[in-house]
Amino acid sequence: MRIISGLYKGRRITAPKKLPVRPTTDMAKEALFNILNNQYYFDDISVLDLFSGTGNISYEFASRGTEQITSVDDNYGCIKFINETAEAFKMSISTIKSDVFKFLEKSKHKHTIIFADPPYDFEVETFSKIPQLVFQNELLEEEGVLIVEHSKHTDLSHLDHYSHSKSYGGNMFSFFG
């Protein structure tokens, strides 16, 4: 994976092969950040990266100037890798090793952007818990957005707070606000 833009543009990050992850493709990530770049000043926002895996999305935000980034994953290896990479690049990324759903139930901190990249094989009912908990616990700032990455074979358009989706290859981003 590589960082698309910002301070660390072009830098490649190689995650250990043993991590149970499926990083967002560079093409999809670039398209997503082109959308977000037109809506937000990255140095003024707070980001919550759920199911953060390798930290791919967190690194992209950090490279673009975001200093308030929290990455949540339940895999110790993923959290360790994010911590090591963030330290090496001097990025301001806080990590939390936790089940994402338990974290969302207890969290009280609001964010501008919440990005969730859960396993693609989740049932729609499991995907639906993400926006449900985010909005039930009021975790988004007023102009904030929840973005859920999923397979093009998963339809989330019937969920509360759904706004729209964008498709990039086999990846989809559903936006909630």
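Which residues does F81 touch, not counting residues up to four places away in sequence? The contacts of F81 are M1, I13, T14, A15, P16, L19, T54 and Y59, where contact means heavy atoms within 4.5 Å. The model is predicted: local features need pLDDT of at least 70, side-chain atom pairs count only at pLDDT 80 or more, and totals for chains, interfaces and linings use all residues. Residues are numbered from 1 along each chain as its sequence is written, and side-chain values use heavy atoms, with hydrogens and water left out.

F81 lies in helix α3. Helices (H or I, at least four residues) and strands (E, at least two) are DSSP runs, numbered from the N terminus. The relative accessible area of F81 is 10%, so F81 is buried. Buried means under 20% relative accessible area, exposed over 50%, and partly exposed in between (1.4 Å probe, protein chains only). F81 and D26 are 55 residues apart in sequence and 19 Å apart in space, C-alpha to C-alpha.

Helix α3 spans residues 76–89 and has 14 residues. From its first C-alpha to its last, α3 reaches 20 Å, close to the 20 Å expected at 1.5 Å a residue. The expected span is 1.5 Å times one less than the number of residues. The buried residues of α3 are C78, I79, F81, I82, T85, A86 and F89. Seen down the axis of α3, these fall within an arc of 160°, so they line one face of the helix. The arc is that of the directions from the helix axis to the C-beta atoms. An α-helix has 3.6 residues a turn, so residues three or four places apart point the same way. On the other side of α3, Y76, E87 and A88 are exposed. The cover over the buried residues of α3 includes α2 (56–63), β2 (68–73) and β3 (93–97).

Both ends of α3 show local detail. At the start, a side-chain oxygen of N75 reaches to within 2.8 Å of the backbone nitrogen of G77. Just after α3, K90 takes a positive phi of about 55°, although K90 is not a glycine. K90 sits in the loop between α3 and β3. Its relative accessible area is 74%, so K90 is exposed.

Seven strands form an open sheet in the order β3-β2-β1-β4-β5-β7-β6, with mixed pairing. Two strands pair if DSSP finds at least two bridges between them. β3 and β6 (162–168) stand at the edges, each with a single partner strand, so one side of each is left without a neighbour in the sheet. Neighbouring strands of this sheet are turned by 15° against each other on average, direction ignored. Helix α3 packs on the sheet, touching β2 and β3, and its direction makes about 165° with that of β3. Axes are lines fitted to C-alpha atoms, for helices over the stretch in contact, and angles run from 0 to 180 degrees between N-to-C directions. Strands β5 (residues 140–151) and β7 (residues 171–176) pair in the antiparallel sense over six bridges. The bridge partner of H150 in β7 is M172.

D117 is placed in the loop between β4 (111–116) and α5 (124–136). D117 is buried, with a relative accessible area of 11%. Its side chain makes a polar contact with the side chain of R22 (2.7 Å). A polar contact is a pair of N or O atoms within 3.5 Å; within protein, one must be able to donate a hydrogen and the other to accept it, and residues adjacent in sequence count only if both atoms are side-chain atoms. Not counting residues up to four places away in sequence, D117 touches R22, T24, L50, F51 and E149. F51 lies in the loop between β1 (46–50) and α2. F51 counts as buried at 16% relative accessibility.
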